[in-house]
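Colleague: Before I use this model, I would like to go through the labels attached to it and the grounds for each.

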Amino acid sequence: MRILERLGLGDETCLPPTIHYIPPKPNMEAARTEAELVIFFAINSLMKKTGLKPKDIDILVLNCSMFSPTPSTSAMIVNKYKLRSNIRSFNLFGMGCSAGLISIDLACDLLQVHPNSNALLNRFALVSVDHIATPSSEIMLPLLYMSLGGWIVFLNPLGSMRYGPKIPRALK
């Protein structure tokens, strides 16, 4: 209990149902549901705060350390938000934590190659599939805590849109 308190997890902390079991019972359906919750919440929050419209997105870069479903998470986003058919989408999976930096670098390179474009980057982690089986709960809980949520960034290098050149803060 002390470990949970030190991590900042309280009575109102919500974890996916797969983590409620000992041992955890991960499955693809639960992971996809969690991914939709994390991704769509981040995108909806960004669109609400900035006035971003789906038609404004030219490049979509997603990454998650261990979740790589079929159809892809970028396909989930394209279908949910009715993004244009010519969007450039990239899924970076299976690279661990370094994929966050790699996705930023990829987006910057793509923005240089495709001027007058905008990029949406989304890094997310899923507790349902990213948990690490370990005999020590002292190690498991901090790893689980680090896996909660994700971040999203909209890159508008020219500042030509109504919401200006700034990059919105990452959502966690």
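Colleague: Which residues of the largest nonpolar core touch the most other members?

Modeller: This is a predicted model, in which local features need pLDDT of at least 70 and side-chain atom pairs count only at pLDDT 80 or more, while totals for chains, interfaces and linings use all residues. Residues are numbered from 1 along each chain as its sequence is written, and side-chain values use heavy atoms, with hydrogens and water left out. In the largest nonpolar core, which has 26 residues, Ile39, Ile43, Ile57, Ile77, Leu120 and Phe124 touch the most other members. The elements giving two or more residues to this core are α2 (28–50), β1 (59–64), α3 (73–81), β3 (119–124) and β4 (150–155); α2 has the largest share, nine residues.

Colleague: What makes a set of residues a nonpolar core?

Modeller: The members are buried Ala, Val, Leu, Ile, Met, Phe, Trp, Tyr and Cys residues joined through side-chain atoms within 4.5 Å. Buried means under 20% relative accessible area, exposed over 50%, and partly exposed in between (1.4 Å probe, protein chains only). Helices (H or I, at least four residues) and strands (E, at least two) are DSSP runs numbered from the N terminus.

Colleague: With which residues is Ile39 in contact, leaving aside neighbours within four places in sequence?

Modeller: Ile39 is in contact (heavy atoms within 4.5 Å) with Thr73, Met76, Ile77, Asn122 and Phe124.

Colleague: Why is the pair of Phe93 and Phe124 called edge-to-face?

Modeller: Rings of Phe, Tyr and Trp (its six-membered ring) pair if their centres lie within 6.5 Å; planes under 30 degrees apart count as stacked, over 60 as edge-to-face and the rest as tilted. The ring centres of Phe93 and Phe124 are 6.5 Å apart and the planes are at 70 degrees, so the pair is edge-to-face. Phe93 is in strand β2 (residues 88–93) and Phe124 in strand β3, so the pair ties together parts 31 residues apart in sequence.

Colleague: How many aromatic pairs does a search of the whole structure find?

Modeller: Two. Phe40 and Tyr81 also form an edge-to-face pair, with 5.8 Å centre to centre and 80 degrees between the planes. Phe40 belongs to helix α2 and Tyr81 to helix α3, 41 residues apart.

Colleague: Why does Phe40 count as buried?

Modeller: The relative accessibility of Phe40 is 13%, under the 20% limit, so Phe40 counts as buried. Tyr81, at 10%, counts as buried too.

Colleague: What sits over the ring of Phe40?

Modeller: The charged end of Lys80, 5.1 Å from the ring centre. The term requires NZ of Lys or CZ of Arg within 6 Å of the ring centre and within 35 degrees of the ring normal.

Colleague: What makes Arg84 and Asp58 a salt bridge?

Modeller: A salt bridge is a side-chain nitrogen of Lys or Arg within 4 Å of a carboxyl oxygen of Asp or Glu. The closest N and O atoms of Arg84 and Asp58 are 2.7 Å apart, so the pair meets that limit. Arg84 is in the loop between α3 and β2, and Asp58 in the loop between α2 and β1. Arg84, at 27% relative accessibility, counts as partly exposed, whereas Asp58 is buried at 11%.

Colleague: Where is confidence lowest, and where highest?

Modeller: By pLDDT, the predictor's confidence in each residue from 0 to 100, helix α6 (residues 137–146) is lowest at a mean of 58 and α3 highest at 93. Over residues 161–172 the pLDDT is below 50. Where pLDDT is low, the predicted coordinates should not be read in detail.
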